[in-house]
Every structure is written in structure tokens, then in C-alpha cells.
Amino acid sequence: MRTPCQILILLFLILHSPVFSSSSPVAVDPETIVQQVNEKLNVSRRKLGFLSCNTGNPIDDCWRCDKNWDKNRHRLADCAIGFGKHAIGGRDGDIYVVTDPSDDPVNPKPGTLRYGCIQKDPLWIIFSRDMVIKLKQELLMNSFKTIDGRGASVHIAGGPCITIQYVTNIIIHGIHIHDCKQGGNAYVRDSPEHYGWRTVSDGDGVSIFGGSQVWVDHCTLSSCHDGLIDAIHGSTAITISNNYMSHHNKVMLLGHSDDYSPDKSMQVTIAFNRFGEGLVQRMPRCRHGYFHVVNNDYAQWEMYAIGGSAAPTINSQGNRFLAPDDSEIKEVTKHEDAPESEWRKWNWRSEGDLMLNGAFFTRSGAGASSSYAKASSLSAKSSSLVDSITMGAGSLNCKKGARC
């Protein structure tokens, strides 16, 4: 009996094979036929709108195979996964084009990045060309904004960087963020109608302070004064995905302090990222809330990879951990600021993680899946697929008219 796949192939051949006038037999290589049929079936699927690049990365498979991505930029907003999947950014707004890399923190000019980011209406912000933007003070985002670096090489570097404070629905995609400095003790505008005095900022690459519905995707981050991406003060509904991070000490802080109870509702997804060379610790460091660390690639660390305090729930699934050669720092985890009698109650689990070069994860708390319901945001892939899933991590070199 023929399988359904074989029947499908035969039907396809009958419908699509040419009619030959000669009665002589034609030599046919079965493998060639199968290859041709598969190619035609794939073309048919694409024509039907099944835009899958088959990388296994559900975000990338959602948009990267569309050669007209530049004409369909807003479609990216429908591709998020995890706890930040409802972040629509500027999906419902106009395109705003950054043409000027200069910066004025109080009176920004039209065409600059700051001018677009502070507007009240939703905006999808893109860039006319490659540029390096050295901000004079931290960039205060307004709600419903997307910063989309696709099609240009955009660096925010050498000054204060991005702050997402008490706003919602932010997408940051496809930019380089590095060498961020502290700012503050200055006036900074946060809307067309308001500017105010800012105290000294931390010097993070991306600082999320009381923000929600935030998605940071396909960015390349390194060498900032404090954290690369920090989320504190009641921030929640965040996805950090497909980023490449390197050359930094305190990579990612999630949770303000052990005493700040509003962070107990924090939910963050960390997925498909590559934690590269020169990283020391906090990938992430968590407090209080619920954290899904899934299908990331950890290429060594100098202290630890995943840590926390104040009883966070950490759900580590399908990651690849390559431990350093130093025998003293093989442990992936670090339970901080508590005696063992206390941290043994915290819910930290490792499920399907690949441990290389002696890496090990110290589990704690309950083993039951129900204990991790609030720290589960998507289905993990096998850790054997991490290399292909994270292959495109970081800012992409996208060209108009071609797949990204």
C-alpha cells in the first residue's frame, strides 16, 4: 500500500508532467523526480502563503524568507513569541525615516531618532542609510514605537542609550548597541509637550523601567557601562530574542532588588540568543519573578551564566552550555544572597539542556511542571538544534529585494 506522501507525489506528477508524443520509454532517475517534486511543492506552498524558511526558529521563519520584507515591515510585529508576544510597537502607525544622526535632548529636529521616539502616535521607525548615533542623553521612548534597523547598519554607541520607562508596546530590532555611557543631570524631552530633569542614568544598553509589552530582537550588544539589557521596577511581558551579546560583565539584570516586591509579577522570555565571547555573569540574574530561558547558546562565562536571588522561578529548557576550561567555574547557576536552606526551596529547573565541557546546573525547588506554569512561554526545541536556531543571532545584513 502506498503512503500518503507517495500518493501525493504521483498525483503531482500526473498533473504537472508534460505529454510526450514519442512512444519510446524515457529514462528517469527516481531521486531526481523526488527532488523536482519537492521543489515544486515548496514553490506551491510559498504561493499559498506558507512563508516558512525551515530554520526551526519560529520568529525568523515568520518573516525572513519574504524577499519583500522592506515593503512589509509592519508584519514583523506579528512574529513575536514568549511573554512579550503582544508587543506591537508601531504596527498601527506610519513609517518614520531617520535621516539625521545628530541629537538634541530637549529640542530634537525632525528626521532624528529622538524626534520619532518621543511622538505620541504609533510610529515604525526606520533608517535612510548606515549611521552611528551618539546620543547626548538617554533616549526616552514613548509608547507604541518600533525601532527597525533592517536595511542599514545602525549603531547607537558612545553615549547614553535607550530607556523604556513607564511605557508600553516597544519593539527594538536589528541595531547595534554598544559602548553606552552614563548620562543625566540634564533636561531630556520624553514627549512633544514635556521635558524634565533627569538624574544620573545607569549606562545600560537598554533599560526597561516599569515598562511592559517589550520585545528586543536581533540586536548586537556589547561593552556598556552597566547592563546590556536590564528590566526593573515592575517591568513585565518582555521577550529578549535572537540577540548576540559579547564583551561585557553584568549582562542582564531582571528585577530591581530583593526588597522590591512589585517585581514578583515579572515575566521574561529569553530565547534564541547567543551569549558570546568575553561575557562574565548575569545571563540573566533574576529576582522574584518568572523567567523562561529557552534554546540559547552559551559560549562560556567567567563567573556563572544564570543566577538569582529572592526566590525567582527559572525554567531553563533546551539551551546549550559550554563551560570554561577552569574547573572552578563549571557551574551554570549561582543562587545568590541566601543560605542553602533557603535557596533549596526556589524553583529552578533544567530540562533538555546540553551540558558541555563539564558544565552543570544546580536544580532546586519543586520538580513538578505545574510549578513552572508561569515561567513557560513557548515550546522548547531540542538542544541539538540550538546551533541552527541561533545561527542568525544579532543584527542582520538585510538587503532590499532579497531574503534577509
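The structure is a predicted model. Its protein chain holds 6 helices and 31 strands. Of the 404 residues in the protein chain, 54% are buried. Among contacts in the protein chain with a separation of 6 or more, 63% come from residues 24 or more positions apart. The protein chain exposes about 17,900 Å², and carbon and sulfur atoms supply 51% of that area.

On to the cysteines. A disulfide is a covalent bond between the sulfur atoms of two cysteines. The count here comes to 3 disulfides. With the bonded cysteines numbered in sequence order, the pairing runs 1-2, 3-4, 5-6.

One of these disulfides joins C62 to C79, with an S to S distance of 2.1 Å. The torsion about the S-S bond of C62 and C79 is about -70 degrees, so this disulfide is left-handed. C62 sits in helix α3 (residues 58-63), while C79 sits in the loop between α3 and β1 (94-98), so the pair ties together parts that are 17 residues apart in sequence. C62 has a relative accessible area of 18% and counts as buried because the cut-off is under 20%. C79 is buried as well, with a relative accessible area of 3%.

Another disulfide is formed by C161 and C180, whose sulfur atoms are 2.1 Å apart. The link of C161 and C180 is left-handed, with -90 degrees about the S-S bond. C161 belongs to the loop between β6 (154-157) and β7 (162-165), and C180 to the loop between β9 (176-178) and β10, so this pair ties together parts that are 19 residues apart in sequence. C161 and C180 are both buried.

C398 and C404 also form a disulfide, with their sulfur atoms 1.5 Å apart. Both of these cysteines, C398 and C404, are buried.

What about C224? C224 is buried, with a relative accessible area of 10%. C117 counts as buried too, at 0% relative accessibility.

Y187 lies in strand β10 (residues 186-191). With 45% relative accessibility, Y187 counts as partly exposed, because that class falls between the buried limit of 20% and the exposed limit of 50%.

Technical notes:
Residues numbered from 1 in each chain as written. Predicted model: local features only at pLDDT ≥ 70, side-chain atom pairs only at ≥ 80, totals over all residues. Heavy atoms only, no water. Helix = DSSP H or I, 4+ residues; strand = E, 2+ residues; numbered from the N terminus. Buried < 20%, exposed > 50% of the residue type's maximum accessible area, 1.4 Å probe, protein only. Contact = heavy atoms within 4.5 Å. Areas by Shrake-Rupley, 256 points an atom, 1.4 Å probe, with all protein chains shown as cover. Disulfide = S-S within 2.5 Å.
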